[in-house]
Amino acid sequence: MALLIRGGTVVNADRSFRADVLVDGGTIQAVGENLDAPAGAEVVDAGGAYVMPGGIDPHTHLEMPFMGTVAVEDFFSGTSSALAGGTTMIIDFCIPGPGRSLTDGLDDWQSWAQKACADYSFHVAITEWTERTSQQMAEVVDRGVTSFKHFMAYKGALMVDDEILFHSFSRCRDLGALPMVHAENGDAVFLLQQQLLDRGITGPEGHALSRPPHVEAEAANRAIMIAQTVGSPLYVVHTSCREAHEAIARARASGLRVYGEPLIQHLVLDESVYWSPDWEFAASRVMSPPFRSKEHQKSLWDGLLAGSLQVVATDHCAFTIQQKKGGLDNFTKIPNGTGGLEERLKCLWHFGVNTGRLTPNEFVAASSANCAQIFGLYPRKGVVQAGSDADLVVWDPKASGTISVKTHHSKMDTNVFEGIRVEGMPAVTVANGKVVWRNGQLDVQRGAGRMIQRKPGSSATEAQAKVNERTRPEGVRRMVSTQQTP
Ligand code: URP
Ligand code: ZN
Ligand code: ZN
């Protein structure tokens with residue numbers, strides 16, 4: 001059935017304008033003034049509201065086996081929560097389990113994702129390096145997954161060393177894929193954890209103390225230098241501190257194609273939570289990197305404005321209090337992860353747009369358009385224009401509410417944003433042309449989400465290839481010999 005969103009202001013990353021939006025068959029058919037509603041069309045009144053591309057969260061861990069347990073948010077509850085918050089697509093991390101190859105892992109994640117009610121894609125994690133890894137990276141790319149994640153932390157589990165980073169970044173470069181890093185020096189974290197435990201520090205504050213900003217900054221700098229060495233672009237996930245942000249800003253200022261992703265948690269919440277006398281409160285906020293001080297928050301906001309950081313994500317990785325209690329006597333055993341899928345847009349609007357840190361267009365860039373561009377989804381996603389997928393959010397800038405575990409749609413029994421009052425809420429969410437959220441009610445269908453295939457060789461990786469051709473030894477040699485040829 002056709003759908004006409006009437007009377008709103010369309011907000012894209014580049015501009016805002018008054019227009020109606022006509023949708024049919026899952027696609028935006030027209031964007032313009034005074035559009036007629038086709039016979040039988042459903043009409044949504046967007047008067048006084050903004051009509052924006054649905055949010056895209058490129059960093060989630062739904063149903064992920066991790067630290068001896070499994071993240072409680074599944075693909076149905078996770079994507080339902082996302083839609084309730086105005087996010088219409090996620091990119092989840094496929095992390096092949098022990099003994100599972102990259103393509104086995106992708107099979108596992110794809111089978112779990114069948115229940116999703118919003119569109120999704122994957123990044124695949126590289127946790128070892130063999131001939132088969134290199135070969136299967138090409139198969140993964142053929143299956144529409146064009147980004148690969150590397151954990152520089154979680155020693156003894158997911159962590160990879162510099163040799164693997166070198167091999168894998170090089171392979172990404174050759175495949176036109178985008179390498180990503182979780183930047184923390186895992187050896188340093190491990191040693192700091194042992195020292196803290198030896199001193200009798202076993203509570204959640206030990207988590208923050210064992211992962212200081214410079215541990216993140218060292219890894220971010222190292223990954224950037226390895227990317228420069230092999231000539232690949234790089235995406236740094238959950239950039240949480242000033243020093244790591246500065247490494248990315250410096251890299252970009254010196255001509256390197258490096259992207260940085262702050263999380264909404266790091267933009268809004270600070271490290272004081274880990275010193276709460278309430279263990280459950282503190283443990284439910286344990287994630288890596290940990291929340292930082294206000295100085296770091298300011299740097300991240302500044303980076304969004306400056307363009308040195310591009311995408312705001314959540315790293316949604318949900319554990320219940322019962323699961324967190326696995327680390328009751330030892331902070332290193334608290335499963336790392338917090339939520340935010342439903343709250344990301346509300347918090348980014350409230351703390352970003354309402355404070356003047358971001359314009360509404362910059363909000364769209366950070367929550368949707370930049371992500372679509374970096375990960376090869378644009379303009380299918382990330383923009384309100386004819387021909388794009390009908391994934392939309394009608395945003396009421398005057399609506400307000402208080403975030404609470406009592407009203408969220410996640411399976412989590414805590415909410416890190418508990419009690420925060422926000423102004424600016426999703427009034428209506430449209431996914432694949434259907435209204436799935438309106439008047440505070442979800443109307444979702446299990447399995448309605450589709451896996452979105454992405455193509456290698458985005459404009460960014462193609463640009464990087466040209467830079468390599470110009471500046472790397474093989475390319476330079478070719479240029480010199482061409483010049484010598486009469
Ligand atoms: O604490 C976190 N971030 N948990 C999820 C796994 C990761 O490091 O991204
Ligand atoms: Zn991570
Ligand atoms: Zn993560």
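Two strands are taken to pair if DSSP finds at least two bridges between them, and helices (H or I, at least four residues) and strands (E, at least two) are DSSP runs numbered from the N terminus. The structure described here is a predicted model, in which local features need pLDDT of at least 70 and side-chain atom pairs count only at pLDDT 80 or more, whereas totals for chains, interfaces and linings use all residues. Residues are numbered from 1 along each chain as its sequence is written, chains are lettered from A and ligands numbered from 1 in the order in which they are written, and side-chain values use heavy atoms, with hydrogens and water left out.

The protein contains 16 helices and 18 strands, and its C-alpha trace spans about 75 × 65 × 40 Å along the principal axes. The radius of gyration, taken over C-alpha atoms, is compared with a globule rule of 2.2 Å times the number of residues to the power 0.38; for 486 residues a compact globule would have a value near 23 Å, and the 22 Å of the protein agrees with this. Of the 486 residues, 60% count as buried, a term that means under 20% relative accessible area, with exposed meaning over 50% and partly exposed in between (1.4 Å probe, protein chains only).

Seven strands form an open sheet with parallel pairing, in the order S6-S9-S10-S11-S12-S13-S14. Strand S6 (55–60) and strand S14 (258–260) are the edge strands, each pairing on one side only, and the twist averages 25° from one strand to the next. Within this sheet, strand S11 (residues 147–151) and strand S12 (residues 178–182) pair in the parallel sense over five bridges, and methionine 180 in S12 is the bridge partner of lysine 149. Helix H4 packs on the sheet, where it touches S11, S12 and strand S13 (234–236), and its direction makes about 150° with that of S12; axes are lines fitted to C-alpha atoms, for helices over the stretch in contact, and angles run from 0 to 180 degrees between N-to-C directions.

Leucine 165 is found in helix H4 (residues 162–175) and, at 0% relative accessibility, counts as buried. Apart from its neighbours within four places in sequence, leucine 165 is in contact (heavy atoms within 4.5 Å) with His150, Met152, Val160, Val181 and Ile226.

Two zinc ions, ligand 2 and ligand 3, are 3.6 Å apart. Donors are N, O and S atoms within 2.8 Å of the metal (3.2 Å for Na, K and Ca), and sites may look incomplete because water is not among the atoms. The protein donors of the zinc ion (ligand 2) are His182 (ND1) and His238 (NE2), lying 2.1 Å from it. This pair links distant parts of the chain, with histidine 182 in strand S12 and histidine 238, 56 residues apart from it, in the loop between S13 and helix H8 (242–253). Histidine 182 is buried at 1% relative accessibility, as is histidine 238 at 2%.

Histidine 59 counts as buried at 1% relative accessibility, and histidine 61 at 4%.
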